[in-house]
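Have the viewer open and follow along.

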Amino acid sequence: MTDPSARTVRVVPGGPVMVEGPVRVELPNGSVVESDRFMVAICACRRSKTYPLCDTSHRRRQRAAADEDSVQSAAE
Ligand code: FES
């Protein structure tokens, strides 16, 4: 598909889903979150305090996992 008008959505490994804005996100509970930013980060890890928008909380989880890996490597 090479439709130039197609909206780009980019999945960041271990992070958010980046969506070209503006966006209107409708949640299962009926609430609506809107953002008029050029690029909007939608939380995919469910740890964001501003869910459904990413607040970079996913980075703490990645860092903690990386720290655990380095501790395990050092112990081996
Ligand atoms: S993806 Fe960033 S806080 Fe969830």
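## Confidence and ground rules

First, a term: pLDDT is the predictor's confidence in each residue, running from 0 to 100. Helices (H or I, at least four residues) and strands (E, at least two) are taken as DSSP runs and numbered from the N terminus. With that in hand, helix H1 (residues 57-75) has the lowest mean pLDDT among the elements of the protein, at 72, while S5 has the highest, at 98. Over the protein, the mean pLDDT is 89, and 83% of the residues reach 70 or more. Where pLDDT is low, predicted coordinates should not be read in detail.

This is a predicted model, so local features need pLDDT of at least 70 and side-chain atom pairs count only at pLDDT 80 or more, whereas totals for chains, interfaces and linings use all residues. Residue numbers start from 1 along each chain, as its sequence is written.

## Overall layout

The protein has one helix and five strands. Starting at the N terminus, the order of elements is β-β-β-β-β-α.

Burial goes by C-beta atoms placed from the backbone: a residue is buried with 20 or more others within 10 Å of its own, exposed with 12 or fewer, and partly exposed in between. On that count, 9% of the 76 residues are buried. For contacts, two residues qualify if their C-beta atoms, placed from the backbone, lie within 7 Å. Of the contacts with a separation of 6 or more, 20% involve residues 24 or more positions apart.

## The sheet

Which strands make up the open sheet, and in what order? There are three, in the order S1-S2-S5, and the pairing is antiparallel. S1 and S5 stand at the edges with a single partner strand each, so one side of each has no neighbour in the sheet. From one strand to the next, the twist averages 20°; axes here are lines fitted to C-alpha atoms (for helices, over the stretch in contact), with angles from 0 to 180 degrees between N-to-C directions.

Two strands pair if DSSP finds at least two bridges between them. S1 (residues 9-11) and S2 (residues 17-20) pair over three bridges, and Val-11 has Val-17 as its bridge partner in S2. These two strands form a hairpin with five residues between them, and Gly-14 in the turn has a positive phi of about 75°. On to the other pairing: S2 and S5 (residues 39-42) share four bridges. Val-17 stands opposite Ile-42 in S5, and Glu-20 stands opposite Met-39.

Arg-7 counts as exposed because it has 9 C-beta neighbours inside 10 Å. Arg-7 and Val-19 are twelve residues apart in sequence, with 7.9 Å between their C-alpha atoms.

Where are the cis peptide bonds? One runs from Gly-21 to Pro-22, with omega near -5°; Pro-22 lies in the loop between S2 and strand S3 (23-26). Another joins Tyr-51 and Pro-52, with omega about 20°, and Pro-52 belongs to the loop between S5 and H1.

Arg-46, also in the loop between S5 and H1, has a positive phi of about 70° although it is not a glycine. Its 9 C-beta neighbours inside 10 Å make Arg-46 exposed. Thr-56 is found in the loop between S5 and H1 too, with a positive phi of about 75° despite not being a glycine. Thr-56 has 13 C-beta neighbours inside 10 Å, so Thr-56 counts as partly exposed.
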